[in-house]
Amino acid sequence: MLRTLKSKATIVCMIACGVLLASCSGSNEVELEKVSIAEPAHLTGYLPLYIAIQEGYFEEEGLDVEMVTAAGGAHVTSLVSGEVWGNIAGPDSNELANDGNSDPIVAVANVVNRANVYLMAEKGTQPDGDSDEELADFIKGKNIAASRYGGSPNLLTRSLLIDLGIDLENDVTLEEPADVTAVIALVEQGKSQMANGAEPTIAEGINKGIWEEPFFGFPSLGDYPYSVISVKQSTIDEDPEQVQGFVRAILRGLETVYGDPELAEEVLRKEFPTLSDEQVEATQDRAYKDEHWSKDGIITEEALAKTMDVLKKTGIYDQPYSYEKMVDMQFVEDSE
């Protein structure tokens, strides 16, 4: 009897030790859900997203987030096809892909709340002033590196030219490369006399002596959901908790970019190691001065209307749209 009790005690002890060892070895760790986000280019404007990745905010929500750079509009088409879980893009670009799509793309959080696109002229040339007349006189006759047709930088540029009374067919020539960073080469090679762009493209062009500070900035439009986090409607319906966790993490990224600029700069340097100290400083100064990032993740109806007005003005889109179908703010509101 005593031997039997000792045997049972030994077995219990072995089981307990096994559980303890399994726990110590990490076998009971929760497996992270892999999530891929498509970006049109690797841009400093997406810094809150990179912060959330590097600082482990997504991991705390059970997510393993991977960025996929997909140029030429593939950041949208890859989401439509289901190759990626979500994207960071303009809601206007997503809406173009929603035409006839039974599983539409829906914006769930705002990241870049300014149209952070700027116009630069080849070094040594600048308009005489910033009035509409002076801008129009300067731009007429030029070859413009305008980025991909249908992309937000391109449409913003076209919209401005239309406002200035410039004939897009006869007064200017628009170069429209699929890769937004190609505008540097077009001006450097002398093919284009001006270009549009965002950071770090602006800083790289200045550093190379291709152009000087921008002579026009679209952040002057005010609140403008330029780059938002979007997923398919089916993802919202089938796994709202996953979407909620992602949104909570990106809101922490937005909070950090404004609340801890030093940490934000550290992340920026890791994401863009080739930028010089001067370029990093210029990039951050421009972003904070022009308030590029959303402070609360909200996309308002009034701000969305600006992006859709640009689409309609340029003639690329003439259909009615619905804020309620394009935007779902429940996850942002539930994170407050």
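Guide: Contact here means heavy atoms within 4.5 Å. The model under discussion is predicted.

Visitor: Which residues of α2 meet α11?

Guide: On the α11 side, the partners are F246, A249, I250, G253, L254, T256 and V257. The residues of this contact divide into 10 nonpolar, 2 polar and no charged. From α2, the residues that meet them are L47, P48, L49, I51 and A52.

Visitor: Is α2 roughly perpendicular or roughly parallel to α11?

Guide: The axes of α2 (residues 47-54) and α11 (residues 240-259) come within 8 Å, and they cross at roughly 110°. Angles of 65 to 115 degrees count as roughly perpendicular. The orientation of α2 to α11 is therefore roughly perpendicular.

Visitor: Is the crossing in which α2 passes α11 left-handed or right-handed?

Guide: The two helices cross at roughly 110°. The hand of the crossing in which α2 passes α11 is right-handed.

Visitor: At what angle do the axes of α5 and α14 cross?

Guide: Helix α5 comprises residues 91-98 and helix α14 residues 301-314, and their axes come within 9 Å. The two helices are oblique to each other, and their crossing is right-handed. The angle between their axes is roughly 60°.

Visitor: How many charged residues belong to the contact of α5 with α14?

Guide: Helix α5 contributes P91, D92, E95 and L96, while α14 contributes L304, T307, M308 and L311. Asp and Glu count as charged, and D92 and E95 are among the contact residues of α5. The contact of α5 with α14 also holds 5 nonpolar residues and 1 polar residue, and its charged residues number 2.

Definitions and conventions
Residues numbered from 1 in each chain as written. Predicted model: local features only at pLDDT ≥ 70, side-chain atom pairs only at ≥ 80, totals over all residues. Heavy atoms only, no water. Axes fitted to C-alpha atoms, helices over the stretch in contact; angles between N-to-C directions. Helix = DSSP H or I, 4+ residues; strand = E, 2+ residues; numbered from the N terminus. Parallel < 35°, antiparallel > 145°, perpendicular 65-115°, else oblique. Left-handed = near helix turned anticlockwise from the far one by under 90°.
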